[in-house]
Amino acid sequence: MDFRGSDTLVGPASADLLPDSVAMAVKVVIVGGFGVGKTTLVGSVSEIRPLTTEETMTQAGVGVDDPTGVERKTETTVAMDFGRISISEQLVLYVFGTPGQERFWFLWNGLFEGALGAVVLVDTRRLEVSFEVIGRLEDRGVPFVVAVNGFPEAPGYPVEELRAALDLPPEVPIVNCDARSRSSSRDTLLALMRYLYELAAPPAG
């Protein structure tokens, strides 16, 4: 077979290769309902070109997916999003984004295997799409923080109102996030890391 010209196989860019010094990797997952910004967050925070599995929405989703509030959305994740962040020369963080539509939730089992915790991304215009997502994490015993993605037209609510609406225990952090911003997305992941550290710390006294 001739692999020259347009048929040449192209591997990852040198900037995307995992450094030889890396000795350990940890994993977190970004979850949420349909159209809350998971792909955007993974793409904004990743130091490498993110792997996405977005496909054009078709008539097959009519009557199955609920596009209420995101009617202008034309593409959707059908498997996962993937990004990477170097914590140090020896440690990297893998960030996986899950598909939002319920018909693809069977993929969650593999994506959550070995994950330290999760970020639940929510849209205050459509809080109801997050209820079952949060319930599934609680059933699995996966620690998580809630990140409110700041869509321009989304209403703002006090943290305690959001906590009550989402039926969250007082210890679960709720943070604001702009999924388009690298620094804001990074701060959201740091909030998850701090929460996981608190959970792992031995009780005082």
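Trainee: What is the order of the strands in the open sheet?

Mentor: This is a predicted model, in which local features need pLDDT of at least 70, side-chain atom pairs count only at pLDDT 80 or more, and totals for chains, interfaces and linings use all residues. Residues are numbered from 1 along each chain as its sequence is written, and side-chain values use heavy atoms, with hydrogens and water left out. The open sheet has six strands in the order β4-β5-β1-β6-β7-β8, and its pairing is mixed. Strands (E, at least two residues) and helices (H or I, at least four) are DSSP runs, numbered from the N terminus.

Trainee: Why do β4 and β8 stand at the edges?

Mentor: Each has a single partner strand, so one side of each is left without a neighbour in the sheet.

Trainee: How do you know that β7 and β8 pair?

Mentor: Two strands pair if DSSP finds at least two bridges between them. Four bridges join β7 (residues 144-149) to β8 (residues 174-177), and these strands run parallel. One of the bridge partners is Val175 in β8, which faces Ala147 in this pairing.

Trainee: What makes α1 roughly perpendicular to α5?

Mentor: Angles of 65 to 115 degrees count as roughly perpendicular, under 35 as roughly parallel, over 145 as roughly antiparallel and the rest as oblique. Axes are lines fitted to C-alpha atoms, for helices over the stretch in contact, with angles from 0 to 180 degrees between N-to-C directions. The axes of α1 (residues 38-45) and α5 (residues 182-200) come within 8 Å and cross at roughly 100 degrees, and that makes α1 roughly perpendicular to α5.

Trainee: Which residues make the contact?

Mentor: Contact means heavy atoms within 4.5 Å. Leu41, Ser44 and Val45 of α1 meet Arg182, Ser185, Arg186 and Leu189 of α5.

Trainee: Why is Thr98 called buried?

Mentor: Buried means under 20% relative accessible area, exposed over 50%, and partly exposed in between (1.4 Å probe, protein chains only). Thr98 has 0% relative accessibility and therefore counts as buried. Thr98 has its place in the loop between β5 (91-97) and α2 (108-112).
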